[in-house]
Amino acid sequence: MTFINYAAREINCKIVYYGPGLCGKTTNLQWIYDKTNPQAKGKLISLATETDRTLFFDFLPLDLGTVRGFKTRFHLYTVPGQVFYDASRKLILKGVDGVIFVADSQEPRMEANIESLQNLEKNLKEQGYDLKTIPYALQFNKRDLPTALPADDMYRQLNFKGEPTFEAVAMNGTGVFDTLKAVAKLVLTELKKK
Amino acid sequence: MAAPDLVMYEEEYQQIKDILHRLQVDSNSKIVFLVDKNGQQIASQGDMRGVDATSLASLTAGNVAATDGLAKLIGEKEFSILFHEGERDNIHISLVAQRVILVVIFDEKSSLGLVRLRVKKASGELEKTFEQLLKKAEADRGNQANRFDSPFAEITDEDIDSLFSE
């Protein structure tokens, strides 16, 4: 649910990073936070356990500048990836405008990727959205690891509707902004249709 | 279907700000703040210096969403009021029109009773304003002529690219 404030001339959009536990959602946000100039970003809020596992969500507000005189602000959220936090994941998807699915490229994590993707589809449906129509991008993270599956294989198994897909190493920033940009573009294009 | 986009117009925005301002004065509180359920800040009144408004908005919404989930778990429709008591400052959170969240931050200059009383009155007024706002947005959506006013109708790829230019 985009919030368009004609009075303050602002648009606010919500983008959610989804994916299995330890796939690198928070790392994506951390990189964006580190590389954005201080005027354009707010505080990175991380509701995590002592071992840095996301407990509820991470949150990063990002000011991207103006489009047609409107200040464009993106609110980036991550969900907790671990399976048993499903109730929290549903809450965070409320009012989402765009989704980025972060997949873990390591072969043993493939099953977790597929399970998480099905979980995303189901939870979106419960909130009244459809993965087929919502602005959506896919990221294959951890491409630098020796156990990474070939990107083609992953594409066959995880690409849902021909969505923009990116190879990434979130630790060093490879592909991080490309993925965000792709989804931001889709979200703004969606606004155009309304 | 998912809830439609929230659109805010100048007239209602001013009304909302007036209601919040009155509430802040009447309840003798420090900050009054309105957030939508998704964590977007709508309006605020009071001394916001030194307060990270965006984080406040998103955490409040997270808080309300989690409490909402708890309510459903035990078979309640919702918990309409949340109250957090601190050493100096307290936060009173309430739902308005099941759609927006009204946050009041106050210290010992006020009291929970007073805040609750004033919040109740302001909630009624806010509810009316939001009804009016929804009707207006609905009418706008149906009205073809107004669509051309949308600033996004002519958004181009270059516009979007330029956002990421740095």
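I'll start with the strands: 3 bridges join strand β1 (residues 3-5) of chain A to β1 of chain B, and the two run parallel. Two strands count as paired if DSSP finds at least two bridges between them. Within this pair, A:Asn5 stands opposite B:Met8 in β1(B). This is a predicted model, in which local features need pLDDT of at least 70 and side-chain atom pairs count only at pLDDT 80 or more, while totals for chains, interfaces and linings use all residues. Residues are numbered from 1 along each chain as its sequence is written, chains are lettered from A in the order in which they are written, and side-chain values use heavy atoms, without hydrogens and water.

Next, the contact as a whole. Chain B puts in 41 residues and chain A 44, contact meaning heavy atoms within 4.5 Å. About 3900 Å² is buried between the chains, and carbon and sulfur atoms give 62% of that. Buried area is the accessible area (1.4 Å probe) that two parts lose on being put together, summed over both. B:Phe152, B:Leu163 and B:Phe164 supply 19% of what chain B buries against chain A, more than any other three residues.

Now, the charged groups. How many salt bridges are there between chain B and chain A? The count is 1. A:Lys43 forms a salt bridge with B:Asp52, with the closest N and O atoms 3.9 Å apart; the term requires a side-chain nitrogen of Lys or Arg within 4 Å of a carboxyl oxygen of Asp or Glu.

Last, α2(B) gives the most to the side of chain B that touches chain A, with 8 residues. Helices here are DSSP runs (H or I, at least four residues), and strands likewise (E, at least two), numbered from the N terminus.
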